Amino acid sequence: MNMKSVFSETLQTENLILRKWNESDAKVLFSLACDADIARWAGWLPHVDENYSRAIIRTVLSSDGEYAIVHRNIGQPIGSIGIRIGESLNRGIERKDEAEIGYWIGKKYWNNGYATEALKEVIRFSFENIGLNAVWCGFFDGNEASKKVTLKCGLSFHHRNEHLFNAMRSEYYCESMMSIKAEEYFKK
Ligand SMILES: CC(C)(COP(=O)(O)OP(=O)(O)OC[C@H]1O[C@@H](n2cnc3c(N)ncnc32)[C@H](O)[C@@H]1OP(=O)(O)O)[C@@H](O)C(=O)NCCC(=O)NCCS
């Protein structure tokens, strides 16, 4: 399968459009990602200015599988979601046909169901379009909102990773790994 062409597709849900990040989103990205709470739970550092956000779009968010979550009525990004395919052996993801999905939503848009809506669509895409065998989401201890999102999307607890080191933030963390396998997804 040509992964480039799979990931060039725009995904659509009732309220959201998941599309590639553009450099012209830098200002909006900064306004959302400067928030220390989002950065803390997502495991990166708060964005410091629009130029930093532009650099993150060029270097990180331009990768295949990274999507801006655009709200149809707002017409601009309200968050981000990304699929990273492949093993992450120190975290218990051991097969090449499995993926981790990471996501965040700008604080002013929290608790409207948007993360759940976006994650459900990316899970559907992962199994129905890419043909993955399992998807994973990890959340740090105490991140009850993310735990709830994964449960609402049909994932269940698989294992914990303890004492991992986040080099960017220079801190240790513990996480719960949630997963859903293709066979469970297609049974529903
Ligand atoms: C986690 C996050 C993506 C959720 O986004 P969201 O759009 O608000 O999520 P949803 O509205 O779809 O669902 C949130 C659920 O968590 C619940 N919730 C929120 N805060 C909570 C808390 N402190 N304790 C328990 N439940 C909580 C909400 O009530 C909602 O559940 P409900 O629909 O049953 O009422 C958002 O909070 C965020 O970006 N956090 C920072 C980054 C992050 O944690 N990313 C995930 C890394 S694993």
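Predicted model: local features only at pLDDT ≥ 70, side-chain atom pairs only at ≥ 80, totals over all residues.
Ile-17 stands opposite Val-70 in β3.

Strand β2 (residues 16–19) is joined to β3 by 4 bridges in the antiparallel sense. Both strands are part of an open sheet of 8 strands, ordered β1-β2-β3-β4-β5-β6-β8-β7, with mixed pairing. β1 (11–12) and β7 (156–166) are the edge strands; each has a single partner, so one side of each lacks a neighbour in the sheet.

β3 and β4 form a hairpin with 5 residues between them, and Gly-75 in its turn has a positive phi of about 80 degrees. The bridge partner of Tyr-67 is Ile-81 in β4. On the next step across the sheet, Ser-80 has Trp-104 in β5 as its bridge partner.

| Strand pair | Bridges |
|---|---|
| β2 and β3 | 4 bridges |
| β3 and β4 | 5 bridges |
| β4 and β5 | 7 bridges |

**Gly-65**

Gly-65 lies in the loop between α4 (50–61) and β3 (66–71). By C-alpha atoms, Gly-65 is separated by 20 Å from Asn-15, which is 50 residues apart from it along the chain.

In helix α2 (residues 26–33), the buried residues are Ala-26, Leu-29, Leu-32 and Ala-33. They lie on the same side of α2, because the arc they cover around the axis is only 130 degrees. An α-helix has 3.6 residues a turn, so residues three or four places apart point the same way. The buried residues of α2 pack against α3 (36–42), α4 and β4 (77–85).

Helix α5 (residues 114–130) has 17 residues, which at 1.5 Å a residue should span 24 Å; the C-alpha atoms at its ends are 23 Å apart, in agreement with that expectation. Buried residues of α5 include Tyr-114, Ala-118, Val-122 and Phe-125. Just after α5, Gly-131 takes a positive phi of about 80 degrees.

Most residues other than glycine have a negative phi. Asn-111 is not a glycine, yet has a positive phi of about 60 degrees. Asn-111 is found in the loop between β5 and α5, and counts as exposed because it has 10 C-beta neighbours inside 10 Å. Ser-170, also not a glycine, has a positive phi of about 55 degrees. The loop that holds Ser-170 lies between β7 and β8 (171–181). With 8 C-beta neighbours inside 10 Å, Ser-170 counts as exposed.

**The ligand shell**

The ligand is surrounded by 20 residues, the closest being Trp-41, Ala-115, Thr-116, Glu-144 and Lys-148. At least two residues of this shell come from each of α3, β5 (98–105), α5 and α6 (144–152). The largest share, 5 residues, is supplied by α6. By residue class, the shell divides into 12 nonpolar, 6 polar and 2 charged residues. Ala-115, one of the closest residues to the ligand, is also among the buried residues of α5.

Technical notes:
Residues numbered from 1 in each chain as written. Buried ≥ 20, exposed ≤ 12 C-beta atoms within 10 Å, placed from the backbone. Arc of directions from axis to C-beta. Contact = placed C-beta atoms within 7 Å. Expected span 1.5 Å × (residues − 1). Pairing = 2+ DSSP bridges. Near = placed C-beta within 6 Å. Nonpolar A, V, L, I, M, F, W, Y, C, P; charged D, E, K, R; others polar.
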